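Q: I have a model open and would like to go through its architecture with you. Shall we begin with the overall picture and then turn to details?

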Amino acid sequence: MAPSAQTTRHIFVTGGVASSLGKGLTASSLGNLLSARGLRVVMQKLDPYLNVDPGTMNPFQHGEVFVTEDGAETDLDVGHYERFLDRALSGKANVTTGQIYSDVIAKERRGEYLGDTVQVIPHITNEIKSRVLAMADPDEDGLVPDVVITEVGGTVGDIESLPFLEAIRQVRHDLGRDNCFYLHVSLVPYLAPSGELKTKPTQHSVAQLRSIGIQPDAIVCRSDREIPEKLKHKLSLYCDVDAEAVVAAPDAPSIYDIPKVLHREGLDAYVVRRLGLSFRDVDWASWDDLLDRVHQPHHTVTVAVVGKYVDLPDAYLSVSEAIRAAGFGHRARVQLRWVPSDDCVTPAGAAAALAGVDGIVIPGGFGVRGIEGKIGTARYARENGVPLLGLCLGLQCMTIEVARHLAGLDGANSLEFDEEAKHPVIATMADQEDIVAGKGDLGGTMRLGAYPAKLTEGSIVAAAYGSTEVSERHRHRYEVNNAYRDALTKAGLHISGTSPDGRLVEFIELDRDLHPFFVATQAHPELKSRPTRPHPLFAAFVKAAVAYSQADQLPVELDAPAESAAAAKAGRNGGGAPGEGGLRLVSAVEHRYEVTDRRQRYAGPVFTVVTDEVTMPGGGTSARDYVTHVGAVAVVALDEAGQVVLIRQYRHPVGRHLWELPAGLTDVAGEDLAGAALRELAEEADLSAGTVDVLVDLHSSPGFTNELVRVFLARDLTDVPPTSGTSAGTRRPTSRSSGSTWRRRSGWCWPGRSPTRPVWPGCSPPPGPGTPAGRAASGGRAAAALSRRVRQQGPRGSPRGPAGGGVSRAAGDPVRRRHR
């Protein structure tokens, strides 16, 4: 049968050997390529499970439930389809065995089969074929698709997939061989003991597919490395497929590189030639721009996703992709930190789990488990000024947090979690009460699909969307209780978006003066995000996270006067924009490898251990353990003569006293890096600074820890009263020879108990009353300040000797170093 220009072509994608090979991404990438060639493409997923839809399935078993515009709960692969095609699909895009059998049995009960014996063939297969062929119907604009790509879930050989495979075999018989194309995705594993890639699993998979009457037209070979041409020719011969139709698909650095991989292998060119499709060359303009943003970011930010299903990131697939897409829009690489919500129940737990993040997302979910941790997360973000975005259940948890801690409503909760809540600030929707009471079906009965909303002019969300009228997809049963609106508003929570009739709360936020970005929506905006068109709400969130991250990066003077530390700190809290007025920001050290996934393994008061999934330079992914640390600061302090102030302290690892910069950990809760630097300068050297600039950021072990040491330059020094206690003025080292307390004052050390006890090795003797240093120790603070400082070099590079206040090498102190 010769193809005609009006005939819609069908491409069927099957999988072999193992599941989770990436059939959905392969199908999506092929759809992306055909769309870039000017063809109109729609996609569909056939799922063999008996559930009518995944709406009632545990996320750990199925992953995310993707909701379409018309309210269908579908497989997560439909989300891939929408993101790669950049178009919305309908509920027809997902067909399950449960739907097929339900419809066939309903027709039998109505007598539509006229007394026939209802069987798998032809009745079940006919119902499947009708769903597949319906995808070729004209859309709402009257446009007929050029290509329908149908992915068959499961793996060839699964008993539940057989009716679907038989149905797609029959489609080729019904439409003609030239109008159908079978694409088989199979695994080519690498066996380390033999050091070889093996084709036998793919050969068996294709043989099994051929045994039910389907001969693949092309094979996509998934592997963790490049496949040699020799193996491609072997598969071509043994599987009876054209050599150019054997496509290698090794692991890619990013899922958005897959279209380029398939195009380089010539898959799209082979498909359009075999199907006789008219086409143009691939238009790479928007996709090349995307890949440039993916692989050439200008910033790196860390965003925590706090949920109850974080052990399976696919449960939040659209959320993570929406966050990353927003990062692409701002040329920022977003590193995701997956945080179990149970870790954030207490303030201490939240502080440990969320330390160092630049933004937090609280995604949707159901059930009481982990709720208190999400509420604790909202409190941590609100009190510490960390950008926070709440989605669906996230909005409800943020509302409960504000009700409890700002509105004074003790016992505030949701009726979903506590039916006897004293203050049910989240309550059941009126039309959901019977469902919750068990008087109706749970599946498919929530508020599902796209609903309009009206935004408040001047609000953060209205500014993000650039409009006051929006439409977002929903999936929930509970809403903000209107009886508590006034109390919440008085506590500072703005209801910035409602349903058009004003009955339902759709968006909330805190005033910009109270928090830089505390925003939530009852909807699921992540479902409408695209890699080339980030969702505006996520884009605004990542923009706030980037600003939050850069607030710690104090400006370096170029052509304008240096910004004061106080002004820089004010910039972090909402005043002034760092980087303006001829100033630039010092960027954090970038990781060499792109982090695609992060799971927390341990959280302690000082550091956490996570396991990262990273992309390798030659392709593929690898896992590594990664330590996140509170970090450290060091201060290069210059006195009025331009000399560097050093501190002399005993260090156990080297068994001696060392001259070093004032430095310490940034382990004080709520303290930014500039604040830590100023605190250490005061504690270590009894000095304060009028101006503080950033010199450099250093990693102790790039790629395996984020232990960042930020070095500041402090000038305009003034004295402050000496600190007391063990944090600065008193040091209690443990030694083999003495357990005495050593006090460090004015750069000298001496025993704290007995003045006659021998000093530590390398420590200068205590200043005598007749020496200049001794007079300084007993006299004015200005002279004491001089004895604290080591003169490394005079003005204009002239060296200074002992007479100039420097340190003599003969006295046993370190050799002078040139300060540049």
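Q: How many helices and strands does the protein chain have?
A: The protein chain has 23 helices and 38 strands; these are DSSP runs numbered from the N terminus, helices being H or I of at least four residues and strands E of at least two. This is a predicted model, in which local features need pLDDT of at least 70 and side-chain atom pairs count only at pLDDT 80 or more, while totals for chains, interfaces and linings use all residues. Residues are numbered from 1 along each chain as its sequence is written, and side-chain values use heavy atoms, with hydrogens and water left out.

Q: What share of the residues is buried?
A: Of the 820 residues, 54% count as buried, meaning under 20% relative accessible area, with exposed over 50% and partly exposed in between (1.4 Å probe, protein chains only).

Q: Which residues are buried in helix α11?
A: W287, L290, L291 and V294 are buried in α11, which spans residues 285-295. They lie on the same side of α11 because they cover an arc of only 95° around the axis, taken from the directions from the helix axis to the C-beta atoms.

Q: What covers them?
A: The cover for the buried residues of α11 includes helices α1 (23-36), α3 (76-85), α9 (258-264) and α12 (317-329), as well as strand β13 (332-340). Contact here means heavy atoms within 4.5 Å.

Q: Turning to aromatics, how many pairs are there?
A: The structure holds 10 aromatic pairs. Rings of Phe, Tyr and Trp (its six-membered ring) pair if their centres lie within 6.5 Å; planes under 30 degrees apart are stacked, over 60 edge-to-face and the rest tilted. One of the pairs is F84 with Y256, which is stacked at 5.6 Å centre to centre and 25° between the planes.

Q: Which parts does that pair tie together?
A: F84 lies in helix α3 and Y256 in the loop between β11 (246-250) and α9, so the pair ties together parts 172 residues apart in sequence. F84 is buried at 3% relative accessible area, and Y256 is buried at 2%.

Q: Which aromatic cluster includes F84?
A: F84, Y256, W287 and F328 form one aromatic cluster. W287 is also among the buried residues of α11.

Q: And Q99, where is it, and what does it touch?
A: Q99 is found in helix α4 (residues 97-110). Not counting residues up to four places away in sequence, Q99 touches V52, N94 and R131. Its relative accessibility is 18%, so Q99 counts as buried.
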